[in-house]
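Subject: Handing over the model, with notes

Dear colleague,

I am passing on the structure we spoke of, and I would be glad if you could look through it alongside the notes below.

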Amino acid sequence: MTDQVLNILKLVLLGLLYLFFARVLWAVWSEVKTPVRSTAVDAPRAAARPPAPAPKKPVVTPTAKTSKKSKRAKKGQRGKAARLVILEPRSRRGMTVPLIGEITLGREPECTITIDDDAFISQLHLRFYDYEGQPMVEDLGSTNGTFHNGSKLVGSKLLHPGDRLQVGTTVIEAQ
């Protein structure tokens, strides 16, 4: 080959190398940049409400073993989710938590729902709360994120019956 062809091939290779590094930097930048956490729903609520007292832990009960309907959390009425049911992993399947007050999920013992055997769940991963009578879910800046019906949850979102949340290897359904 002539020197001219080799020089052209060197320049093409160098250009492709720069494009590769630019793509890698773009991917890293899009993963690292932090999303805006405050939404239009959060602003009035944060300004109008005094600090909430420490939430009480609701009783988590496995519904598969419970035969009396009075011990179960009520199902949602009129399109409003009233309880959370854990679908996965198999060891927790069927456990329910009523959507009352503020519920936190994470590995910390102070969380309402404590899942300490899943390394993909943050210490304080997400919370469920009531906003004007509607249940909301909010990711609390977790490392691995929360997925709401298959898409990554950013900020707060309204929770409807049938919605599925994935937190680490745990899958939760709102009912």
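The notes below cover the numbering and cut-offs, then the helix, the strands and the salt bridges.

This is a predicted model, in which local features need pLDDT of at least 70 and side-chain atom pairs count only at pLDDT 80 or more, whereas totals for chains, interfaces and linings use all residues. Residues are numbered from 1 along each chain as its sequence is written, and side-chain values use heavy atoms, with hydrogens and water left out.

Helices (H or I, at least four residues) and strands (E, at least two) are DSSP runs, numbered from the N terminus. Helix α1 takes in residues 3-32, and its 30 residues should span 44 Å at 1.5 Å a residue, which agrees with the 43 Å between its end C-alpha atoms; the expected span is 1.5 Å times one less than the number of residues. The helix is hardly covered, since the count of buried residues among its 30 residues is 0, where buried means under 20% relative accessible area, exposed over 50% and partly exposed in between (1.4 Å probe, protein chains only). Phe20 lies in α1, and it also belongs to a nonpolar surface patch of about 900 Å², whose other members include Leu17, Phe21 and Val24. Such patches are made of residues with over 30% relative accessible area and no salt bridge, with like charges joined within 9 Å and nonpolar side chains (Val, Leu, Ile, Met, Phe, Trp, Tyr) within 5 Å; the areas come from the Shrake-Rupley method with a 1.4 Å probe, and for residues only the protein chains shown count as cover.

Turning to the strands, two of them pair if DSSP finds at least two bridges between them. Strand β2 (residues 83-88) and strand β3 (residues 95-98) run antiparallel and are joined by 3 bridges, with Leu84 opposite Val97 in β3. Their hairpin has 6 residues between the strands, and Gly94 there takes a positive phi near 95°.

There is also an open sheet of 5 strands in the order β5-β4-β6-β7-β10, with mixed pairing. Because β5 (113-114) and β10 stand at the edges with a single partner strand each, one side of each is left without a neighbour in the sheet. Within this sheet, β6 and strand β7 (residues 134-139) pair in the antiparallel sense over 6 bridges, and Phe128 stands opposite Val137 in β7. Ser156, in strand β10 (residues 156-158), counts as buried at 15% relative accessibility, and its side chain is joined to that of Tyr129 by a polar contact of 2.9 Å; such a contact is a pair of N or O atoms within 3.5 Å, where within protein one must be able to donate a hydrogen and the other to accept it, and residues adjacent in sequence count only if both atoms are side-chain atoms.

Finally, a search of the whole structure finds 5 salt bridges, each being a side-chain nitrogen of Lys or Arg within 4 Å of a carboxyl oxygen of Asp or Glu. One of them joins Arg127 to Glu102, with the closest N and O atoms 3.0 Å apart. This pair links distant parts of the chain, 25 residues apart, as Arg127 is in strand β6 (residues 126-131) and Glu102 in the loop between β3 and β4 (103-106).
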